[in-house]
Amino acid sequence: MNGSDSRIDIGALPGRPCSAAAALQVVGEKWALLAVREIFFGNHRFEAIARNTGAPRDRLAARLRSLEHAGVVERRPYNERPLRHEYHLTEAGRDLAPVIRALLDWGDRWVHEEPPIVMVHEPVADTDAESGGEGDGAHGHDLDAAWICRSCGEEVAMGTLTVDVRSPGWDRAGPTPTPTAP
């Protein structure tokens with residue numbers, strides 16, 4: 001959210017205290033994530049976001065306001081008369097890029113036979129002294145991203161993960177029994 005004073009109190013949410021539950025309070029509605037997708041794709045004006053999401057205009061306006069309040073998007077004026085704004089992702093919004101990519105990947109694998117959208121990776125040209133500073137000539141290619149652990153550099157596989165529950169009164173299975181007084 002915008003600052004520590006506007007963050008969601010995960011303890012106030014029903015069920016297990018979890019950052020995923022808190023995140024879904026902000027971006028878990030279909031039109032919110034589709035609006036983020038469109039802005040991520042470079043569509044910043046309301047008309048384009050509405051057209052490309054298919055969202056009802058009133059719902060989209062409400063979602064964009066809530067995303068702005070949460071610090072995910074910011075409005076910037078692009079016209080003074082009449083005053084018009086466009087939407088841009090903040091750092092928090094840009095950090096949703098892997099979420100959008102994961103949803104696209106999942107949809108490509110489990111929902112849609114042929115990918116209607118493909119993410120293309122444009123490698124940064126190599127400009128170090130060894131190559132003479134002319135770049136390596138790399139061209140864009142379809143993104144085949146992996147989940148890499150920053151601590152050890154290894155690719156993460158589901159079988160290598162465990163859960164360390166740090167919320168008081170909870171363990172992996174759920175709420176822990178409260179000790180009864182004698």
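Which residues are exposed on the other side of α1? Keep that in mind while we set up the view. This is a predicted model, in which local features need pLDDT of at least 70, side-chain atom pairs count only at pLDDT 80 or more, and totals for chains, interfaces and linings use all residues. Residues are numbered from 1 along each chain as its sequence is written, and side-chain values use heavy atoms, with hydrogens and water left out.

**The whole chain**

Start with a cartoon view of the protein chain. You will find 6 helices and 6 strands, where helices (H or I, at least four residues) and strands (E, at least two) are DSSP runs numbered from the N terminus. Following the sequence, the order of elements is α-α-α-α-β-β-α-α-β-β-β-β. Of the 182 residues in the chain, 23% are buried; buried means under 20% relative accessible area, exposed means over 50%, and partly exposed lies in between (1.4 Å probe, protein chains only). Among the contacts with a separation of 6 or more, 36% are between residues 24 or more positions apart, a contact being heavy atoms within 4.5 Å.

**Stop 1: helix α1**

Select α1, residues 19-27, and show its side chains. Ala22, Val26 and Val27 are buried here. Viewed down the axis of α1, its buried residues fall within an arc of 120°, so they line one face of the helix; the arc is that of the directions from the helix axis to the C-beta atoms. Now for the opening question: Leu24 and Gln25 are the exposed residues on the other side of α1.

**Stop 2: the nonpolar core**

Next, colour the largest nonpolar core, which has 24 residues. A nonpolar core is a set of buried Ala, Val, Leu, Ile, Met, Phe, Trp, Tyr and Cys residues joined through side-chain atoms within 4.5 Å. In soluble globular proteins, nonpolar side chains tend to be buried together. The residues with the most contacts inside this core are Leu60, Leu67 and Val72. Two or more core residues come from each of α1, α2, α3, α4, β2 and α6, and α2 gives the largest share, with 7 residues.

Centre the view on Leu60. Leaving aside neighbours within four places in sequence, Leu60 is in contact with Ala35, Phe46, Ile49, Ala50, Thr53 and Ala55.

**Stop 3: the β1-β2 hairpin**

Move on to strand β1 (residues 73-79) and strand β2 (residues 84-89), which pair in the antiparallel sense over 6 bridges; two strands pair if DSSP finds at least two bridges between them. A hairpin of 4 residues joins β1 to β2. In the loop between these strands, select Pro82. A cis peptide bond joins Arg81 and Pro82, with omega about -5°.

Which residue in β2 stands opposite Glu74? Click on His88, as this is the one facing Glu74. His88 is buried, with a relative accessible area of 12%. The side chain of His88 makes a polar contact with the side chain of His44 at 3.4 Å. (A polar contact is a pair of N or O atoms within 3.5 Å; within protein, one must be able to donate a hydrogen and the other to accept it, and residues adjacent in sequence count only if both atoms are side-chain atoms.) Not counting residues up to four places away in sequence, His88 touches Ile39, His44, Val72, Val73, Glu74 and Arg76.

**Stop 4: salt bridges**

Finally, turn to the charged side chains. The whole structure holds 8 salt bridges, each a side-chain nitrogen of Lys or Arg within 4 Å of a carboxyl oxygen of Asp or Glu.

- Select Glu86 and Arg45, a salt bridge whose closest N and O atoms are 3.4 Å apart. The pair links distant parts of the chain, with Glu86 in strand β2 and Arg45 in the loop between α2 and α3, 41 residues apart. Glu86 counts as buried at 16% relative accessibility, while Arg45 counts as partly exposed at 41%.
- Select Arg75 and Glu68, where the closest N and O atoms of the salt bridge are 3.4 Å apart. Arg75 is partly exposed at 40% relative accessibility, and Glu68 is partly exposed at 26%.
- Select Arg101 and Asp105, whose salt bridge has its closest N and O atoms 2.6 Å apart. Both lie in helix α6 (residues 97-110), 4 residues apart, about one turn of the helix. Asp105 is partly exposed, with a relative accessible area of 38%.
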